[in-house]
Amino acid sequence: MRRLSFFAVGILFGIIMTKSEAVSWFRIHEMFRFESFHMYGIIGTAVALGAIIIALMKRYKMKTLRDTEVGYTPMELRTTRHLLAGSIFGLGWALMGACPGPMFVMLGQGFWIFILVILSATLGTYAYGVVKDRLPH
C-alpha cells in the first residue's frame, strides 16, 4: 500500500510540474535569460511552502518512517564550494532544460532522449561517490 502512495505522489508531482510549465524548456531558458518571473515564482513558492511545512512538522513533533522526529541540521556555508557546485548544477539545468525531478516527468511524457540524461546524471552521481573522499570538502 505504501508503494502505491509513492506512485500516486509521483503522478501528482508530474501533473503539477506539467501544468505549471516547470518542465518547459522554453520557460527554463526564459528564467536563465532573466526574461520572465514565471520559474522564479514557482521556485520561490516551493521554498516558502517547504519551509512552512517543515516548521509545522517540527512544531507538532511529527515522526518519520523510521520513527524519529522530523528535523534538519543546517549545513555550514562554504562559499567557494557552494558556488562551484551550484554553477555545475545550473549549467546542467540550463543545457538540458531540466533539473532532476522534471527529468523523470519528461521521460514520462515520452521524451525518450531523457533516458540518456537520467543515465548521465546517475553516472555523474556514481563518479562523485568514487572520488568524494579525495575531494577537499
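Hi everyone, let's start with S36, which sits in the loop between α2 (25-32) and α3 (38-59); helices here are DSSP runs of H or I, at least four residues long, numbered from the N terminus. Before going on, this is a predicted model, where local features need pLDDT of at least 70 and side-chain atom pairs count only at pLDDT 80 or more, while totals for chains, interfaces and linings use all residues. Residues are numbered from 1 along each chain as its sequence is written, and side-chain values use heavy atoms, with hydrogens and water left out.

So, is S36 buried or exposed? S36 is buried, at a relative accessible area of 18%; buried means under 20%, exposed over 50%, and partly exposed in between, with a 1.4 Å probe and protein chains only. Its side chain reaches the backbone nitrogen of H38 at 3.2 Å. Setting aside neighbours within four places in sequence, S36 is in contact (heavy atoms within 4.5 Å) with R27, E30 and M31.

F34 is exposed, with a relative accessible area of 68%. The phi of F34 is near 55°, a positive value in a residue other than glycine. For background, most residues other than glycine have a negative phi.

Where else does a positive phi turn up? E21, also not a glycine, has one of about 65°. You'll find E21 in the loop between α1 and α2, and at 35% relative accessibility E21 counts as partly exposed.

Last stop: F7, in helix α1 (residues 2-19). F7 is exposed, with a relative accessible area of 54%.

Key: Helices (H or I, at least four residues) and strands (E, at least two) are DSSP runs, numbered from the N terminus. A polar contact is a pair of N or O atoms within 3.5 Å; within protein, one must be able to donate a hydrogen and the other to accept it, and residues adjacent in sequence count only if both atoms are side-chain atoms.
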